[in-house]
Amino acid sequence: KEAITYANEGLNKSIIFVEDIAGDVTVGQEPNIKVNIDGAQHNYAGVITVDGKSATYTTAGLTIKDLTFNAETISADACIRLGDGNDATRYTCNVTVDGCTFDVPGAVGIKSYTGGDKNLVIKSSTATAKAHSLIQAKGIDGIRVEKCNVYSKNGMNFNNSTNVTVDQCTTDVKGYAVRYGESSGGVGAAEKYYISNSTLKSACEDGDAVIILRGTADNSTLTITETTLDGNLKIANTANNVTIYIDGNKVATANSQEELEAALADEEVATVYLGEGKYVPRLYYGDIPTRTSLTIIGAGADKTQFAYTGSNFAGQFGLTGFDSITIRDCEILKRENVKEWGMVVFSSSNNANGVYTFENCTFNGVGTQGIYINENVSGATYNILNCTFNGDFGSEGVISIQNNANVDHIVNVLGCTFTDVPSHKIYVHYAYN
């Protein structure tokens with residue numbers, strides 16, 4: 001505490017730990033004073049509160065580095081607090097957290113309370129499995145999180161913060177990995193969010209997703225590059241007019257049939273993430289603008305369902321006119337009272353050398369084919385990967401390959417499960433090649 005007082009008087013700028021320390025401190029920011037707290041790999045059992053004095057001192061600064069927060073209990077809900085929830089302590093500026101570890105059970109690593117803080121950088125830091133999350137932000141203007149490892153219950157919650165970048169980070173969490181916006185809704189500003197060179201993994205417990213956008217993220221743009229999203233529900237979005245790009249491709253989210261139709265009508269959309277519910281994907285004979293590739297990803301085969309509403313000859317949905325199409329993590333519901341053609345139809349107009357994939361999907365049969373391949377263009381590859389087929393798919397079998405002359409396809413059926421299927425798993429009609 002004495003060293004912090006001296007620092008704020010400009011008498012010294014660096015405070016270096018030479019022992020483990022316990023007890024809470026407050027760092028009050030002053031104009032033109034930049035303080036460096038160097039933990040030197042020591043432990044700290046306490047809370048550091050940054051007092052911005054409600055003044056927005058843009059020339060102030062604070063760096064907290066190489067410090068491990070590892071008490072069993074602390075006096076607040078976060079290890080580093082930007083303000084303390086009192087308006088008089090808000091508006092911190094230029095805080096950097098570098099090389100710190102947050103290992104306090106149930107506590108947040110860094111938290112802001114009232115909004116109005118500016119320029120927070122978190123780098124090379126870790127939130128352990130004991131922690132609640134790495135960051136809980138409240139309206140911070142300018143956040144950069146880089147080279148961090150997050151194993152806490154949740155990952156990073158930016159709420160209604162602006163100018164947010166996540167780069168070279170790894171998460172392996174139970175809840176959300178990254179969350180934007182507040183659930184209170186309202187019309188959000190046109191914010192820009194960036195995620196790059198990261199691996200974001202979530203168990204998606206309690207309805208969470210790898211990435212979540214909520215109401216006050218309205219009108220924002222999220223750009224994701226060279227990043228892996230690992231979890232049953234990769235992107236959940238309840239905000240309005242959000243634009244998402246993944247590696248340069250436009251991505252849409254849909255939580256209703258209307259939103260799905262709007263996404264498919266946009267020919268720039270290459271990937272659609274679906275929320276829980278029942279959908280009718282109209283992908284047959286000019287129902288939507290064609291594009292080079294299209295990927296539809298559900299929230300899980302027990303959560304996102306495709307229902308049949310079309311004619312007997314359209315199948316559950318027909319897939320035509322694409323160089324590449326992928327359907328993942330969905331359930332294909334049985335066709336009630338219909339026993340003609342397939343539940344999914346690849347029919348006559350796909351492109352040579354195209355690649356068509358169903359992965360982690362469940363099919364429930366009732367007297368018709370599950371997947372019906374009826375192509376007269378040579379060279380396509382069909383991947384049916386880790387799918388589950390349940391029940392009776394009729395005498396022509398679960399996967400039915402039609403007898404088009406002079407057609408050469410590759411059909412890969414890998415890792416699939418067939419349950420209570422009384423007929424053929426794969427049926428090839430008078431095959432030529």
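1. Asp-247 is partly exposed, with a relative accessible area of 46%, where partly exposed lies between buried, under 20% relative accessible area, and exposed, over 50% (1.4 Å probe, protein chains only). This residue is found in the loop between β26 and β27, the strands (E, at least two residues) and helices (H or I, at least four) being DSSP runs numbered from the N terminus. The phi of Asp-247 is near 50°, a positive value in a residue other than glycine.

2. The model is predicted, so that local features need pLDDT of at least 70 and side-chain atom pairs count only at pLDDT 80 or more, while totals for chains, interfaces and linings use all residues. Residues are numbered from 1 along each chain as its sequence is written, and side-chain values use heavy atoms, with hydrogens and water left out.

3. Thr-56, in the loop between β5 and β6, also has a phi near 50°, positive in a residue other than glycine. Thr-56 is partly exposed, with a relative accessible area of 26%.

4. Strand β7 (residues 78–82) has 5 of its 5 residues buried, so it is largely enclosed by the rest of the structure. Strand β5 (residues 48–51) runs parallel to β7 and is joined to it by 3 bridges, with Thr-49 having Arg-81 of β7 as its bridge partner; strands count as paired if DSSP finds at least two bridges between them. β7 also pairs in the parallel sense with strand β10 (residues 108–112) over 4 bridges, and here Leu-82 has Ser-112 as its bridge partner.

5. In the largest nonpolar core, which holds 71 residues, Phe-69, Leu-134, Phe-158, Tyr-180 and Ile-211 touch the most other members; such a core is a set of buried Ala, Val, Leu, Ile, Met, Phe, Trp, Tyr and Cys residues joined through side-chain atoms within 4.5 Å. Strand β6 (residues 61–69) supplies the largest share of this core, 4 residues. A second, separate core of 39 residues includes Leu-274, Phe-306, Phe-393 and Val-421.

6. Leaving aside neighbours within four places in sequence, Phe-158 is in contact (heavy atoms within 4.5 Å) with residues including Ile-135, Val-164, Arg-179 and Tyr-180.
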